[in-house]
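Please read the following note beside the sequence and the model. The numbered points treat confidence before they turn to individual elements.

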Amino acid sequence: MDRFSELKAFSLVASTGGFSSAARHLGLAPSSVARLIDALEKRIGATLLNRSTRSVTLTDNGRAYYESALQILEHMEAADNAAAAHESEPQGLLRITAPVTFCTMYIAPVISELGRRHPKLQLEFHLSDGFNNMIDESIDVAIRIGANDDQPNLIARRLTSHERIICASPAYLSAHGVPQEPVDLLAHNCLQFAYDGARRGWRLRRDGHVEDIGVHGNLTINNAEVLRRAALDGMGVVMLADWLVREDLAAGKLTRVLADYQANPGAMDVGLYAMYPVNRRGSIKVRAFVDLLAEQLQRSQPHAAAEAAPH
């Protein structure tokens, strides 16, 4: 069998944890993927995967082999991209995932420009405020907001910092009072974003001191625009991205509270990132999209200019 096909199949099974997900990515039947792995293990004389009815995990030999396989595949992808860069423009399908509201505000305005610059490029968007499995869903680039957790299979390009604002409508604050200290939030109806997992509460920091406040309220939802609308309607206090509420604050529709505190639901070092698998490092279509988005952010957020340099 083709050694490259074996290597690709093994890497996908290892990264996704299953034959079915790897098969979907490759457009093959799970039985075909299993035969590729069997042929690979027979050829090198070592067991790479522990198989059970519920999961597939790497053996010790498999972990070492997986690290080498990723490097080989990355080098091959980089070589292909380097050669293509001299011969062609960005083309083919580019699959992108991004938060819903951010895409509406910052990505949608540049889609037509991307099409004009690169007419051979085909775009497919998967919008979600959760985190997609990039390998399993064959995503080329993900726009993510949060801390840059070290993920060995992904490259993260920081596009800009990400500040969150605690605010409420003037009407709500007039009726319920203005929080002066983080602990005062416990007496307010705090509208919360539904993050993946069991995370609850807000974290505030001032002068190096961090306070975790177990806020509560009658609305939790995984869509930032709905939270913004609820806050504008006087429903409660909310923590939202500065880029989402900047105009509302300037117009007096929302009022910032606890402005001398840095606020986040979790880690404090938060940014906006373009993330892509290591084997897309030299992809000219990924770079074309990310560079244009960086340009858009620099126009709309001048402080982003110094942070969006490619890595």
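1. Where pLDDT is low, the predicted coordinates should not be read in detail.

2. Residues are numbered from 1 along each chain as its sequence is written, and side-chain values use heavy atoms, without hydrogens or water. Local features need pLDDT of at least 70 and side-chain atom pairs count only at pLDDT 80 or more, whereas totals for chains, interfaces and linings use all residues.

3. Helix α1 covers residues 3-16 (helices are DSSP runs of H or I, at least four residues; strands are runs of E, at least two; both are numbered from the N terminus). Its 14 residues should span 20 Å at 1.5 Å a residue, and its end C-alpha atoms are 20 Å apart, which agrees (the expected span is 1.5 Å times one less than the number of residues).

4. Among the buried residues of α1 are L7, F10 and V13 (buried means under 20% relative accessible area, with a 1.4 Å probe and protein chains only). After α1 comes G17, with a positive phi near 80°.

5. Strand β8 spans residues 190-193; C190 and Q192 point one way, L191 and F193 the other, and all are buried.

6. β8 pairs in the parallel sense with strand β12 (residues 237-241) over 2 bridges (pairing requires at least two DSSP bridges between the strands). Here L191 stands opposite V238. β8 also pairs in the parallel sense with strand β11 (residues 220-221), over 2 bridges, where I221 is the bridge partner of F193.

Note on methods: Buried means under 20% relative accessible area, exposed over 50%, partly exposed in between (1.4 Å probe, protein chains only).
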